[in-house]
Amino acid sequence: QQRMENEENGLIRPNIAENEARDAGDYSPPDDFGLLALQNRPPWWNIELGSFVLNFGGRVSVASVKNFQLCHRTDQDYIMLQFGRIQGRHSFTMDFQHPLTAVQAFAIAISSLQSKISFG
């Protein structure tokens, strides 16, 4: 078991028992290389509406091809980012949660609109 100890020089380092110590040659990177693979949460077919739908929990009020939810590949119930139109042509809402930061979430949301942005 690892625990943190305060050493005399003020550094805090993990205290690893002799039998748990690892050689530098034993290191192998994680399979995901520290990256998080997200996917669009798949919609389901609503018979009454005759279309595919996503549940935005009341946060999105206008149907749009720009609406999306991102989740982890292995846990589609943990929505990390949802983005959708709320009114008119230029009003959207964005909700995000850990492990995404505000900057990451905003970058993803803006990139979903990139085909509509023109400078000229």
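Q: In what sense do E6 and E7 pair, and over how many bridges?
A: This is a predicted model. In it, E6 and E7 pair in the antiparallel sense, and five bridges hold the pairing.

Q: What joins E6 to E7?
A: A hairpin does, and it passes through two residues. His72 stands opposite Asp75 in E7.

Q: And over how many bridges do E7 and E8 pair?
A: Strand E7, residues 75–87, pairs with E8 over six bridges, in the antiparallel sense. Arg85 has Phe92 of E8 as its bridge partner, and Gln87 has Ser91 of E8.

Q: How many residues lie between E7 and E8 in their hairpin?
A: There are three residues between them. Gly88, in the turn, has a positive phi of about 55 degrees.

Q: Which strands form the sheet, and in what order?
A: Four strands form an open sheet, ordered E3-E6-E7-E8, with antiparallel pairing. The edge strands are E3 (38–40) and E8 (91–96), each of which pairs on one side only. On average, neighbouring strands of this sheet are turned by 25 degrees against each other, direction ignored.

Q: Through what do strands of a sheet pair, in general?
A: They pair through backbone hydrogen bonds, in either a parallel or an antiparallel arrangement.

Q: Where does helix H1 lie?
A: Helix H1, residues 102–113, lies across E6 (68–72), E7 and E8. Relative to E8, H1 runs at about 140 degrees.

Q: Stepping back, what does the secondary structure of the protein come to?
A: It comes to one helix and eight strands. Along the sequence the pattern reads β-β-β-β-β-β-β-β-α.

Q: Changing topic, how much space lies in the largest pocket?
A: About 290 Å³ of space lies there. The largest pocket is lined by 14 residues, of which Phe52, Val53, Leu54, Phe56 and Asn67 are the closest to its centre.

Q: How do the lining residues divide into nonpolar, polar and charged?
A: The lining of the largest pocket has nine nonpolar residues, five polar and no charged.

Q: What percentage of the residues count as buried?
A: Of the 120 residues of the protein, 18% count as buried.

Q: And what share of the contacts join residues at least 24 apart?
A: Among contacts between residues at least 6 apart in sequence, 36% join residues at least 24 apart.

How values were computed:
Residues are numbered from 1 along each chain as its sequence is written. This is a predicted model: local features need pLDDT of at least 70, side-chain atom pairs count only at pLDDT 80 or more; totals for chains, interfaces and linings use all residues. Side-chain values use heavy atoms; hydrogens and water are left out. Two strands pair if DSSP finds at least two bridges between them. Axes are lines fitted to C-alpha atoms, for helices over the stretch in contact, and angles run from 0 to 180 degrees between N-to-C directions. Contact means heavy atoms within 4.5 Å. On a 1 Å grid over the protein atoms alone, a cavity is a set of points where a 1.4 Å probe fits but cannot get out, and a pocket is an open set with protein on both sides within 12 Å along at least five of seven lines; lining residues have an atom within 4 Å of a point. Grid points are joined across faces, edges and corners, and a volume is the space filled by probe spheres set on the points. Ala, Val, Leu, Ile, Met, Phe, Trp, Tyr, Cys and Pro count as nonpolar, Asp, Glu, Lys and Arg as charged, and the others, Gly among them, as polar. Buried means under 20% relative accessible area, exposed over 50%, partly exposed in between (1.4 Å probe, protein chains only).
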